[in-house]
Amino acid sequence: MKILFLSGADQYGGTYQMAKNILQYVPLYDSRIEYIVLTQKHGPLNQWCTQQGIKNYCLPYRYCTYFPSHNRFLSFVKHIVKMCLVSVSNFVALKKIKQLGILGSIDLIHTNIQRDLFGMIISDKYNIPNITHMRELSSAHFHLRPLYKNQFSYMNKFTSRFVAVSDAVKEEWENFGIEKEKI
């Protein structure tokens, strides 16, 4: 089974270590699992994957959240600018992933962080099942806001299963509208 694994590449936010643990230990339980890793920028996760012989690529996709401002006008402007940046970068990333020619062999997408809709976008466009890890309490995570009005509906539609790391995370995301049956 080939899994397309989407993850951030930072080494300081914890994403690197969480991703490394999954990539390192899951195949030990099932040797039929093979990962292809996508990150938003080249970083320590890519270096580690290369050392381990795991195919990995950097594509310019972006998280679909933004930091609101206390000033309503500034918050509106930030929101619009971020929507434009995300739309363009995700469009470019979709073109690049198609050029890589790897999608025909992918059985499953594993989106390693819920701020990332790119796995769901690929799932939507190419009809590949997607599993999304929910690791953070959204309200406590830097007060990030979803970028799109219908973001939670989109997440429900193009995620086969959500994996919550705790009951608190599960309950919060249920309150946002993530389908309880899928968690």
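1. A contact here means heavy atoms within 4.5 Å. On that basis, residues 24 or more positions apart account for 61% of the contacts in the protein with a separation of 6 or more. Please note that this is a predicted model.

2. Overall layout. The protein has 8 strands and 6 helices. Their order from the N terminus is β-α-β-α-β-β-α-β-α-β-β-α-β-α. Of the 183 residues, 46% are buried. The exposed surface comes to about 10100 Å², and carbon and sulfur atoms supply 55% of it.

3. In soluble globular proteins, nonpolar side chains tend to be buried together. The largest nonpolar core here has 17 residues, and Leu-4, Leu-6, Leu-38, Ile-97, Phe-118 and Ile-122 touch the most other members. Four elements each supply at least two residues of this core: strand 1 (2-7), strand 2 (34-39), helix 3 (72-100) and helix 4. A separate second core has 14 residues, among them Phe-5, Ile-22, Ile-33 and Val-37.

4. Leu-6 deserves a look on screen. Leaving aside residues up to four places away in sequence, Leu-6 touches Leu-38, Tyr-61, Ile-109, His-110, Thr-111, Asn-112, Asp-116, Phe-118, Gly-119 and Ile-122.

5. Aromatic pairs. The whole structure holds 6 of them. Tyr-61 and Phe-118 are stacked, at 4.7 Å centre to centre with 10° between the planes. This pair links distant parts of the chain, 57 residues apart. Tyr-61 sits in the loop between strand 3 (55-58) and strand 4 (65-66), while Phe-118 is in helix 4. Both Tyr-61 and Phe-118 are buried.

6. A second stacked pair joins Phe-152 and Phe-176, at 5.3 Å centre to centre and 10° between the planes. Phe-152 belongs to helix 5 (residues 151-157) and Phe-176 to helix 6 (residues 167-176), so the pair ties together parts that are 24 residues apart in sequence. Phe-176, at 34%, counts as partly exposed. Ring pairs link Phe-152, Trp-173 and Phe-176 into a cluster.

7. Helix 6 in its surroundings. Its buried residues are Val-169, Glu-172, Trp-173 and Glu-174. They pack against strand 6, helix 5 and strand 8 (161-164). Just after helix 6, Gly-177 takes a positive phi of about 115°.

8. The side chains of Lys-170 and Glu-174 meet at 2.5 Å, N to O. These two residues are 4 apart in helix 6, about one turn of the helix. In general, an α-helix has 3.6 residues a turn, so residues three or four places apart point the same way. The cut-off for buried is under 20%. Lys-170 is partly exposed, with a relative accessible area of 25%.

9. The other salt bridges. A search of the whole structure finds 3 salt bridges. One of them joins the side chains of Glu-34 and Lys-2 (4.0 Å, N to O). Glu-34 lies in strand 2 and Lys-2 in strand 1, so this pair ties together parts that are 32 residues apart in sequence. Glu-34 counts as partly exposed, at 35% relative accessibility. Asp-30 and Arg-32 also meet through their side chains in a salt bridge (2.9 Å, N to O). Asp-30 counts as partly exposed, at 22% relative accessibility. Arg-32 counts as exposed, at 63%.

10. A nonpolar patch lies on the surface. Phe-73, Phe-76, Val-77, Ile-80, Val-81 and Leu-85 form it, with about 550 Å² of accessible area together. Leu-85 is found in helix 3. Leu-85 is partly exposed, with a relative accessible area of 40%.

11. A backbone point to check. Most residues other than glycine have a negative phi. Asn-127 has a positive phi, near 55°. Where does Asn-127 lie? Asn-127 is in the loop between helix 4 (118-126) and strand 6 (130-134). Asn-127 is exposed, with a relative accessible area of 71%.

Terms used:
Residues numbered from 1 in each chain as written. Predicted model: local features only at pLDDT ≥ 70, side-chain atom pairs only at ≥ 80, totals over all residues. Heavy atoms only, no water. Buried < 20%, exposed > 50% of the residue type's maximum accessible area, 1.4 Å probe, protein only. Areas by Shrake-Rupley, 256 points an atom, 1.4 Å probe, with all protein chains shown as cover. Core = buried A, V, L, I, M, F, W, Y, C linked by side-chain atoms within 4.5 Å. Patch = residues over 30% accessible without salt bridge, like charges linked within 9 Å, V, L, I, M, F, W, Y side chains within 5 Å. Phe/Tyr/Trp six-rings, centres within 6.5 Å; stacked < 30°, edge-to-face > 60°.
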